[in-house]
Structures are given as C-alpha cells and as structure tokens.
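Reader: Hello! Could you walk me through this one, starting with how its elements are named?

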Amino acid sequence: RDVLARLVYGIRIAVFFALAYSFSVFLLGVISGSLMGYIGGWFDLISQRLVEIWSLLPFLYIVIILYSLMPVGNTVLRITVLLLIMALFGWIGMSYYMRTAMYREKARDYAAAAVLAGAGNLRIIFVHLLPNAISTIVTFLPFTVSAAITALTALDFLGFGLPVPTPSIGELLKQGTERLNAPWIVSSAFGTMVVLLTLVTFVGEAVREAFDPKQFSYYR
C-alpha cells in the first residue's frame, strides 16, 4: 500500500472528523452551560447532578458494545455512531466553563440594562452575554480539535475507530508496531501526528489572540 497516500487521506478524515466533533461539542456545551449559568437556582442544581451522573458512564465500554452490535460493512454508520458517542461525552467540560462564564457576565451592568430594556432571556443569552464569553470558546477550540484527533487515532490503533480499510493514522501506527522491520511506517505516522497537532495548536493560538478580550470588548 502507498503509505503517503494513506497518510494524506488519513489526515483529511481526521481533520474533518475533529471539526465535526468540535462543532457538536461546542453546540451542546455552549447551549447547556449558558442555560445553567443564566437561569441558575434549582435548574442549575439539578442539571449539574445529571451532568455528573452522565460523566460517570464508561466511554470506552460503550464504544466497544455499540461497535459489536453494528454491521461490519456499513462505514458511514460506524463513523456517524463514533462521532455521536464522542460528542455526547465530550460536551461536559465545555458546559462547565460556559456555566461559569455566564454567571460572571450576567452580573455585569449591560446584562441588567438588557433586562430593563425588555429583552427576552434567549436574546440576552445569545445576543448580549455569549459574544462577551467568546474568548472561552476560542481558547478551548484548538485543544478540542487536538483531543479529537488524538482520541480518533487511539481508537483506530485499538481497533474500535474507523472501520477497515478506511485510511487513518491510528491504523498506520498499528501496522507500524506490528512490522518494526519497516520503520518508515511508524515513523511517518508518528511524525505526521506531531506536525498536525503542532499546526492545530499554532493556528488555534493565532485565532485566540484575534479574539483576545484584553484588546477587544463586545459590551452591549
């Protein structure tokens, strides 16, 4: 097999998967965390207990069980289910940070002014408060993308990720460790992971500086 071609296609799949995962995680985490932080009270207390119970479920066991129940040849179904499982367990951390950010922002004067002006709760959350908490989202974006790429690679290496023969970096790492007499396989896959994660971190840092709250403010 052409190792370079499989690396190129593996990078493309990993990046698209990581972006879809990040979008799903931020969508669920931002909405749930914003509602918990803004509404507060009993809603926040009960939601926190439910989130804690959900976070105790074993992620890897659920992946193994569901993968054993799915048909082997359906590649789209297996990738979709893997994305949904990772997203359903990945939004919890983001909800905590957004909850804290909403608690901080709703105590500011512009939030009280929006309430006095007659704005509804959803408008206050997503039009006034959320733009001022955008730095939290942007800060965690590169780490979320990197974590998704690393998790997908690890699952592929263990055999619970993308179905064979879908090209992936984790599958190449597994082949390389099984064939140490061909060191270019594992070295190229490992070097690609290092370069890819480094680039994601640098791009994310540049985006974070562009939304630096110390330089730009969005108080309304």
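Author: Happy to! Helices here are DSSP runs of H or I with at least four residues, numbered from the N terminus. Please keep in mind that this is a predicted model.

Reader: Thanks! Which residue with positive phi follows α5?

Author: Helix α5 covers residues 109–116. After α5 comes a residue whose phi is positive, near 90 degrees, and that residue is Gly118.

Reader: Why do the buried residues of α5 lie on the same side?

Author: The buried residues in α5 are Tyr110, Ala111 and Ala114. They sit on the same side of α5 because the arc they cover around the axis is only 105 degrees.

Reader: What covers those buried residues of α5, and which exposed residues are on the face turned away?

Author: The cover over the buried residues of α5 includes α4 (75–105) and α6 (121–132). On the face turned away from the buried side, the exposed residues are Asp109 and Leu116.

Reader: Let's move on to a loop. Is Ala133 buried or exposed?

Author: Ala133 is placed in the loop between α6 and α7. Leaving out neighbours within four places in sequence, Ala133 has contacts with Met98 and Ala101. Buried means under 20% relative accessible area. Ala133 has a relative accessible area of 0%, so Ala133 is buried.

Reader: How far apart in space are Ala133 and Tyr97?

Author: In sequence, Ala133 and Tyr97 are 36 residues apart. From C-alpha to C-alpha, the distance between Ala133 and Tyr97 is 9.7 Å.

Reader: And which residues does Ser34 touch?

Author: Ser34 is part of helix α1 and counts as buried, with a relative accessibility of 0%. Setting aside residues up to four places away in sequence, Ser34 touches Gly29, Met98, Met102, Ile125 and Leu130.

Reader: Now for cavities: how many are there of 30 Å³ or more, and what volume has the largest cavity?

Author: The count of cavities of 30 Å³ or more comes to one. For the largest cavity, the volume is about 40 Å³.

Reader: Which element gives the largest share of the lining of the largest cavity?

Author: The lining residues of the largest cavity are Gly10, Ala14, Leu152, Thr153, Asp156, Leu162, Ser168 and Ile169. Two or more of the lining residues come from each of α1 (3–39) and α7 (134–158). The largest share is three residues, and the element that gives it is α7.

Methods: Residues numbered from 1 in each chain as written. Predicted model: local features only at pLDDT ≥ 70, side-chain atom pairs only at ≥ 80, totals over all residues. Heavy atoms only, no water. 1 Å grid on protein atoms, 1.4 Å probe; cavity = no way out; pocket = protein on both sides within 12 Å on 5 of 7 lines; lining within 4 Å. Points joined across faces, edges and corners; volume = space filled by probe spheres on them. Buried < 20%, exposed > 50% of the residue type's maximum accessible area, 1.4 Å probe, protein only. Arc of directions from axis to C-beta. Contact = heavy atoms within 4.5 Å.
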